[in-house]
Amino acid sequence: MGRAVGIIGTGQTKHGRRDDVSYPDLVREAVNAAFEDAGITPEDIDGVVFGSMPSMMEGMAYNHFYFADAMRAVGKPIL
Amino acid sequence: MAEEKERPRTIEAVGTAPFEMALGPTWTRFFEGIKEEKIFGTRCKKCGRVLVPARPFCPRCFEPMEEWVEVAQEGTIVTWSYIDYTYFGLEDDMIPVVPATIKLDGTDTGWWGVIGGFDIKDFDLVAKKVKVGGRVKAVWRKEKRGCVQDIEYWKVIE
């Protein structure tokens, strides 16, 4: 059987039409909130799993690399 | 009455997806600088690195980068290449092209630019003039659009 998992923190951006910040800025807003909520630092993270629309609908290829640093995923595996 | 088997066909399809990408406050300010022929970076208060183009946060320390620094328009070639064939998205009149990573003086990261200002169709001349460690200087277009292409090319300083 698999190992037990738990959600230890969450974060959201402010909702609405958000052309006031860039795409990575927006990701960072939610990720910072999640880190703060969980009370952890990037050193506590082994890997990052992301989900988004298909690249074409985001206007760029490999969009997860575009905001990898905003997710604090630098030097870590991303799925 | 066996008919000759038709080769499986393709159909042509075109997908169009127009986008309006939000620049956010940092890149908006950066491109305003570009319109005035200024290159701005931001400095991380934690690691002290100056990154260009200006960034909202440090990708190593994850701290906000709020100190703005106008950086030099001269730098050193870190690496370069020579592209003399077309591929998807390139027109014939766009080649050859000499892309380079340039470390602008006073910064801690590479800037992507194209080297020009002489006959780059002559590869031997390119190989003679363009060197890793060589110095280059920004040459601006007269008409600005507020984008990185406002720097027309990087001129080799002899």
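Read along the sequence, chain A follows the pattern α-α-α. Chain A has three helices and zero strands, where helices (H or I, at least four residues) and strands (E, at least two) are DSSP runs numbered from the N terminus. The model is predicted, so local features need pLDDT of at least 70 and side-chain atom pairs count only at pLDDT 80 or more, while totals for chains, interfaces and linings use all residues. Residues are numbered from 1 along each chain as its sequence is written, and chains are lettered from A and ligands numbered from 1 in the order in which they are written.

The confidence values come next. The model scores ipTM 0.85 and pTM 0.86. For chain A the mean pLDDT (the predictor's confidence in each residue, from 0 to 100) is 91, and 99% of its residues reach 70 or more. Chain B averages a pLDDT of 93, with 98% of the residues scoring at least 70.

Taken along the principal axes, the C-alpha atoms of chain A fill a box of roughly 40 × 25 × 25 Å. Of the 79 residues in chain A, 18% are buried. A residue is buried if 20 or more other C-beta atoms lie within 10 Å of its own, exposed if 12 or fewer, and partly exposed in between, with C-beta atoms placed from the backbone. Two residues are in contact if their C-beta atoms, placed from the backbone, lie within 7 Å. Among contacts in chain A between residues at least 6 apart in sequence, 57% join residues at least 24 apart.

Chain A also meets chain B. Twelve residues of chain B are in contact with 13 residues of chain A. The side of chain B that touches chain A consists of ten nonpolar residues, one polar and one charged. In this classification Ala, Val, Leu, Ile, Met, Phe, Trp, Tyr, Cys and Pro count as nonpolar, Asp, Glu, Lys and Arg as charged, and the others, Gly among them, as polar.

Within chain B, the domain assignment gives domain 1 (23-71) and domain 2 (72-158); such bounds come from an automatic or database domain assignment. Taken over C-alpha atoms, the centres of domain 1 of chain B and domain 2 of chain B are separated by 22 Å. Their contact takes eleven residues from domain 1 of chain B and 13 residues from domain 2 of chain B. On the side of domain 1 of chain B that touches domain 2 of chain B, the elements giving two or more residues are α1 (24-35) and β2 (50-51) of chain B. The most come from α1(B), which gives three residues. By class, this side of domain 1 of chain B has seven nonpolar, one polar and three charged residues.

Chain B also contains a closed barrel of five strands, which runs β4-β5-β6-β8-β7 with mixed pairing. The twist averages 55° from one strand to the next, with axes being lines fitted to C-alpha atoms, for helices over the stretch in contact, and angles running from 0 to 180 degrees between N-to-C directions. Two strands pair if DSSP finds at least two bridges between them. Strands of a sheet pair through backbone hydrogen bonds, either parallel or antiparallel. Strand β4 (residues 74-80) of chain B is joined to strand β7 (residues 135-140) of chain B by three bridges, and the two run antiparallel. Here B:Glu74 stands opposite B:Lys137 in β7(B), and B:Thr76 has B:Arg135 as its bridge partner in β7(B). β4(B) also pairs with strand β5 (residues 99-104) of chain B, in the antiparallel sense over five bridges. In β5(B), B:Ala100 is the bridge partner of B:Trp80.

B:Gly117 lies in the loop between β6 (111-116) and α2 (123-129) of chain B. B:Gly117 counts as partly exposed because it has 14 C-beta neighbours inside 10 Å. Not counting residues up to four places away in sequence, B:Gly117 touches B:Val139, B:Tyr153 and B:Lys155. B:Gly117 and B:Tyr153 are 36 residues apart in sequence, yet 7.1 Å apart in space, C-alpha to C-alpha. B:Glu20 is found in the segment before α1 of chain B. B:Glu20 counts as exposed because it has 6 C-beta neighbours inside 10 Å. B:Glu20 and B:Gln73 are 53 residues apart along the chain, and their C-alpha atoms are separated by 29 Å.
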